[in-house]
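Subject: A structure for you to look at

Hi there,

Here is the structure I promised to pass on. Please open it next to this email and follow along as you read.

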Amino acid sequence: MSSMLEDIERINAKLKEGEGLVSFEGYCTNSNCMAREIRVHLKNHDDPLLEHAVRCPMCRSRLKLHWVRTYREEAIEEDKVARRLVNMQMHYRDYPERLGVISAAVLCDDRLPPTPPGWFDDPSKAGG
Ligand SMILES: [Zn+2]
């Protein structure tokens, strides 16, 4: 596990890259703590309080840092996760006998499914 100073430097580097806006996720290292994953969204940089951000809000133990992303990187990742969830639901709808068994190829598929014809109202015909 990296040191807390290394984690803070990693977050600060992303803060500079993300113009002061980052998200990170960590895991509470205290096995007796009820918290598991903690996601933090930060603004600003070079804040002396940053050391407090890499601690569990429940028990104040150190968080094991999973990832740090700029807001833009996080938005891209969240869109990918949303597409993967839709693709998994489409897979289960189309192959209900495979419910609970899913291949890595489907699990990692973050392509945007095609829009079925007529799914959205044609905006050029709205308002009549
Ligand atoms: Zn904790």
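To begin, in what order do the three strands of the open sheet lie? Keep in mind as you look that this is a predicted model. The order is E2-E1-E3, and the pairing is antiparallel. E2 and E3 are the edge strands, as each of them pairs on one side only. From one strand to the next, the twist averages 20°. In general, the strands of a sheet pair through backbone hydrogen bonds, and they can do so in a parallel or an antiparallel way.

Now for the pairings themselves. E1 covers residues 21–28 and E2 covers residues 37–43, and seven bridges join these two antiparallel strands. You can find two of the facing pairs by eye: Val22 is opposite Leu42 of E2, and Tyr27 is opposite Glu37, also in E2. E1 also pairs with E3, residues 63–70, in the antiparallel sense and over seven bridges. Tyr27 turns up again here, with Lys64 as its bridge partner in E3.

Next, have a look at helix H1, which takes in residues 4–17. Which residues of H1 are buried? They are Asp7, Ile11, Lys14 and Leu15. These residues cover an arc of only 105° around the axis, so they sit on the same side of H1. Leu5, Glu6 and Lys16 are exposed on the other side of the helix. The cover over the buried residues of H1 includes E1, E2, E3 and helix H2 (50–53).

How do the helices lie on the strands? H1 lies across E1, E2 and E3, and runs at about 10° to E3. Helix H3, residues 71–94, lies across E1 and E3, and its angle to E3 is about 95°.

Which residues make up the largest nonpolar core? There are six: Ile11, Leu15, Val22, Phe24, Leu42 and Val68. H1 and E1 each supply at least two residues of this core.

Finally, two loop residues deserve a visit. Glu19 is in the loop between H1 and E1, and its phi is near 50°, a positive value in a residue other than glycine. Is Glu19 buried or exposed? Glu19 has 12 C-beta neighbours inside 10 Å, so Glu19 counts as exposed. The other residue is Arg60, in the loop between H2 and E3. Arg60 has a phi near 70°, again a positive value in a residue other than glycine. With 11 C-beta neighbours inside 10 Å, Arg60 counts as exposed.

Enjoy exploring, and write back with any questions.

Best wishes

Definitions and conventions:
Residues numbered from 1 in each chain as written. Predicted model: local features only at pLDDT ≥ 70, side-chain atom pairs only at ≥ 80, totals over all residues. Pairing = 2+ DSSP bridges. Helix = DSSP H or I, 4+ residues; strand = E, 2+ residues; numbered from the N terminus. Expected span 1.5 Å × (residues − 1). Buried ≥ 20, exposed ≤ 12 C-beta atoms within 10 Å, placed from the backbone. Arc of directions from axis to C-beta. Contact = placed C-beta atoms within 7 Å. Axes fitted to C-alpha atoms, helices over the stretch in contact; angles between N-to-C directions. Core = buried A, V, L, I, M, F, W, Y, C linked by C-beta atoms within 7 Å.
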